[in-house]
Amino acid sequence: MQPAYFITLATVLGLLVGSFINVVVYRLPIMLDRQWQREAQEVLGLPVVEHARFDLCLPASQCTQCGHRIRAWENVPILSYLALRGRCSACKQRISARYPLVELGCALLSMAVAWRCGASVEALALLPLTWGLLALSLIDHDQQLLPDAIVLPGLWLGLIVNYFGVLVPLPDAVCGAVVGYLTLWTVYWLFKLVTGKEGMGYGDFKLLALIGAWGGWQVLPLTLLLSSVVGALVGVFLLRMRKHSIGMAMPFGPYLAIAGWIAVLWGDEIYASYLQLLGF
């Protein structure tokens with residue numbers, strides 16, 4: 001397949017997946033919350049409250065303002081938003097611009113993977129990783145939650161991909177998963193012993209393990225460095241803008257995901273440029 005065709009195909013596929021990611025980001029936390037409530041009610045011996053079916057397939061997508069069922073032509077990525085001028089066709093209330101932005105972002109990220117890897121097995125493997133990290137970043141930003149329903153399958157998929165040596169040898173992938181988890185686990189407990197507070201969630205441990213499973217242990221230092229620097233800069237910016245206060249929890253997952261994605265795709269080039277800068 002010609003590179004241009006593959007890049008175009010990956011971009012269009014990214015648009016479609018981006019639309020589905022919007023559904024996952026909104027519905028999965030609600031699904032998990034209902035599941036936890038049901039399990040708690042069963043353990044406590046309370047009457048279990050039954051809800052109407054609510055999953056990634058049903059009910060059909062609808063306007064969050066008026067409940068208008070979104071028709072097929074109103075659900076075309078980006079184009080429908082533009083055709084409707086960003087408003088619901090029924091109640092005329094504004095539709096959040098985040099929906100087309102997520103679709104566009106997913107398309108651009110998919111295009112970047114296709115451009116970086118070409119029509120290859122590596123690209124076919126890295127596209128699901130990209131989509132999963134995007135979904136996790138958005139959910140963590142909204143809910144401060146990194147669902148096992150996405151993280152753990154993503155971790156295992158990375159190990160399976162590297163069982164065949166697609167990105168790194170399997171021993172490097174296994175070592176990356178183990179070291180990734182233990183690194184933040186150690187930081188968590190040291191911080192808790194010193195301050196008596198929890199500095200991060202367990203989901204962050206698993207997310208770094210996922211990144212290590214895909215890119216091997218070699219990507220972990222760069223991932224931690226980039227995520228820490230970007231997280232610190234964003235934190236300072238939010239404090240300056242008075243949109244955040246000291247002591248307020250801030251999700252770390254999006255920074256890990258962004259840094260891990262960059263490290264997996266461009267880690268070798270970044271390391272080589274750094275060594276060249278140092279004169280090695």
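Helix packing and core

Modeller: H4 and H7 are roughly antiparallel to each other, a term for angles over 145 degrees. This is a predicted model: local features need pLDDT of at least 70, side-chain atom pairs count only at pLDDT 80 or more, and totals for chains, interfaces and linings use all residues. Residues are numbered from 1 along each chain as its sequence is written, and side-chain values use heavy atoms, without hydrogens and water.

Biologist: What angle do H4 and H7 pack at, and how far apart are their axes?

Modeller: The angle is about 170 degrees, and the axes are 12 Å apart. Axes are lines fitted to C-alpha atoms over the stretch in contact, and angles run from 0 to 180 degrees between N-to-C directions.

Biologist: Which residues of H4 and H7 meet?

Modeller: Ala125, Leu126, Leu129, Leu133 and Leu136 of H4 meet Leu207, Leu210 and Trp214 of H7. Contact means heavy atoms within 4.5 Å.

Biologist: And the classes there?

Modeller: Eight nonpolar, no polar and no charged residues.

Biologist: Switching to H5 and H7. What are the angle and axis distance?

Modeller: Helix H5 (residues 148-163) packs on helix H7 (residues 202-215) at about 20 degrees, with axes 8 Å apart. That makes H5 roughly parallel to H7, meaning an angle under 35 degrees.

Biologist: Now the largest nonpolar core. How many residues?

Modeller: It has 55 residues, and Ile21 and Leu210 have the most contacts inside it. Such a core is a set of buried (under 20% relative accessible area, 1.4 Å probe, protein chains only) Ala, Val, Leu, Ile, Met, Phe, Trp, Tyr and Cys residues joined through side-chain atoms within 4.5 Å.

Biologist: Which helix gives the largest share?

Modeller: H4, with twelve residues.

Technical notes. Helix = DSSP H or I, 4+ residues; strand = E, 2+ residues; numbered from the N terminus. Parallel < 35°, antiparallel > 145°, perpendicular 65-115°, else oblique. Buried < 20%, exposed > 50% of the residue type's maximum accessible area, 1.4 Å probe, protein only. Nonpolar A, V, L, I, M, F, W, Y, C, P; charged D, E, K, R; others polar.
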